Amino acid sequence: SATNRPVTSRGALVTIIVMFALAIVGGVALLGGLGGGGDRAQAQAPKPTTTAAPTTTTAPTTTTTAPRTTTTLALPHPTPAPANPYADVPIRQIGTIEIPKIGLVHAIFEGVWLTVVDHGPGHWPGSAQPGKIGNSVFAGHRVTHTHPFLDLDRLGTGDKVIFDMSDGVFTYAVTSITVVRPEEMSITDPTRQPTITLFACNPKHSAAQRIVVKGKLVSSRPE
């Protein structure tokens, strides 16, 4: 009968279906919200900032050393000994020499040819002039002609040798007296200071050796 049939509530079934559907939709909506929110969170999260490290460029240091300049003074060098000591050459006086210790006052000439030295002490060409930097070399006779260097052996250290030249008066002090072989040409070597070398045959009346007097400049009186 109508009163004994089980009652199926279509409304309740519909309600269940609707609620189930709503549950599914709600779940989808929830999942969608989580997913979208995550994307938005990721999109809105501050991006890491990369700052390039500052680059420092150091220019290479260049050190320039100026080349050292050395100035070498050209010293007067005597010319070779005359090939012909008896050559007929001009006789030219260049000044006078005075050696108070031995009472000498004598004209001096340019050249060491015997034809020149016969007139008086001769200046070796190319060697320094008296009063100038270098070795000023003079040759003279001891016992012939005017024999100006007769008494060179009487000189001692400190004795004065005075040259009166066109450009001044120059006084030297004797520093040494030696005897050497005739071929000893080192006596004419240049010096870096103003010096003199006087030489003549030795002993007297013989040409076996040479007596050599050396001195250094101690005063100058320019003209």
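The model is predicted, with local features needing pLDDT of at least 70 and side-chain atom pairs pLDDT 80 or more, while totals for chains, interfaces and linings use all residues. Residues are numbered from 1 along each chain as its sequence is written, and side-chain values use heavy atoms, without hydrogens and water.

**N135**
- N135 sits in strand β4, residues 134-139 (strands are DSSP E runs of at least two residues, numbered from the N terminus).
- A polar atom of the N135 side chain lies 3.1 Å from the backbone oxygen of I187.
- A polar atom of that side chain also lies 3.0 Å from the backbone oxygen of D189.

**Nonpolar cores**
- The largest nonpolar core has 21 residues (a core is a set of buried Ala, Val, Leu, Ile, Met, Phe, Trp, Tyr and Cys residues joined through side-chain atoms within 4.5 Å).
- I97, I99, L152, V161, F163 and L198 touch the most other members of this core.
- A second, separate core of eight residues includes V137, A139, I187 and F199.

**Largest pocket**
- The largest pocket is lined by 19 residues (a pocket is an open set of points on a 1 Å grid over the protein atoms alone where a 1.4 Å probe fits, with protein on both sides within 12 Å along at least five of seven lines; lining residues have an atom within 4 Å of a point).
- V112, W124, A139, F199 and R210 lie nearest the centre of the pocket.
- Strand β7 gives the largest share of the lining, three residues.

Key:
Helices (H or I, at least four residues) and strands (E, at least two) are DSSP runs, numbered from the N terminus. Buried means under 20% relative accessible area, exposed over 50%, partly exposed in between (1.4 Å probe, protein chains only). A polar contact is a pair of N or O atoms within 3.5 Å; within protein, one must be able to donate a hydrogen and the other to accept it, and residues adjacent in sequence count only if both atoms are side-chain atoms.
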